[in-house]
Amino acid sequence: MTDGVICDAVAGHFASYLSRALPLNHLASIRHHLDGCDTCWSEWNRYRWDAASGHPLVAELRRFMGPRFRPYFDSSRALQAEWLAAAPTTAEQRREFFGSTESYIYNLVVWHASGNRPPYVEAANAHLPAGSRIIDFGAGIGQDAIDLARQGHQVVACEIEGPSSDFLRWRLREHGLQIEVCAPQTARFSSVDTLWIIDTLDHLLDIDAVLGEVLEIVDRVICENLHSTRSGGQSFHERRSLSAVAKILSRYRLVPQPVLSNHPLMSFVRPHSA
């Protein structure tokens, strides 16, 4: 890739964009440009794959996929195209979609392995008491669940049955880890005190319907920092403002805690647990 191939708006910025080492407004403007420029997006997709190439997660994905593995697969654009073709409108149709696509596995692997995903677990010490009992809702490929378990927390990974949960279970066997994996419909919440929900709130049409049971009992909810505008133009996201999420969680007496705008995580805590 050379700067002559891509637009001035992103030329020379891929490295700092990948590591989020730019002001938030600059990150948002680059993402907006990438969403609208096919040439720059293609170069960005190759750049992030190259950045991810030596990561163990990519090696695991290769072994899991076998001959189906697709190098440099543009999972973001593929996932968006699949979504538009499927046109799911109900919660059940959304579950069926994410329970059938392999593109989402690639999306999650490259996001993490390239270093583009914020260091959520590394930032969790300020929010999580030692030995927390956590349900990782929307666990995806399970990296957070694995890392949280290795920090000594008790973790249940909750993910829609399908390719992502298959890869998660395969990874747990590879790592020799005993972490319960369950589907949202069969999850048992009575033993947990923390809802860990990263990049998943925006996938839910009805937060109360899906999470009401667990929100009634947990002491804290930990999610991505909603003070920052989430990037990405995929139509399967239901972007809610911090105030909209806070209003929903306030009905469960979960109160947002102060956090810096550049911190990866934020938490909502029941007052007696603060």
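1. Let's start with S164. In this predicted model, S164 is a buried residue, because its relative accessibility of 1% falls under the 20% cut-off. Its place is in helix α9, which covers residues 163–175. Leaving aside residues up to four places away in sequence, S164 touches Y104, I105, G140 and E159.

2. E60 is worth a look next. This residue sits in helix α4 (residues 56–65). Is E60 buried or exposed? E60 has a relative accessible area of 7%, so it counts as buried, again under 20%.

3. What does E60 touch, not counting residues up to four places away in sequence? With that exclusion, the contacts of E60 are F167, W170, R171 and H175. With R171 there is also a polar contact between the side chains, at 2.6 Å. As for F167, 107 residues separate it from E60 in sequence, while their C-alpha atoms are 9.1 Å apart in space.

4. Now to the nonpolar cores. The largest one has 29 residues, and those with the most contacts inside it are I135, L195, I197, L211, L215, V221 and F268. Two or more residues come from each of the strands β1 (133–137), β2 (154–158), β4 (194–197), β5 (220–224) and β7 (265–269), and likewise from the helices α10 (207–215) and α11 (242–250). Helix α11 gives the largest share, 5 residues. As general background, nonpolar side chains in soluble globular proteins tend to be buried together.

5. I197 makes a handy entry point if you want to browse this region. Setting aside residues up to four places away in sequence, I197 touches F137, L204, L211, V221, I222, C223 and E224.

6. By class, the lining of the second largest pocket divides into 18 nonpolar, 9 polar and 9 charged residues.

Note on methods: Residues numbered from 1 in each chain as written. Predicted model: local features only at pLDDT ≥ 70, side-chain atom pairs only at ≥ 80, totals over all residues. Heavy atoms only, no water. Core = buried A, V, L, I, M, F, W, Y, C linked by side-chain atoms within 4.5 Å. Buried < 20%, exposed > 50% of the residue type's maximum accessible area, 1.4 Å probe, protein only. Helix = DSSP H or I, 4+ residues; strand = E, 2+ residues; numbered from the N terminus. Contact = heavy atoms within 4.5 Å. Nonpolar A, V, L, I, M, F, W, Y, C, P; charged D, E, K, R; others polar. Polar contact = N/O pair within 3.5 Å; in protein donor to acceptor, adjacent residues only side chain to side chain.
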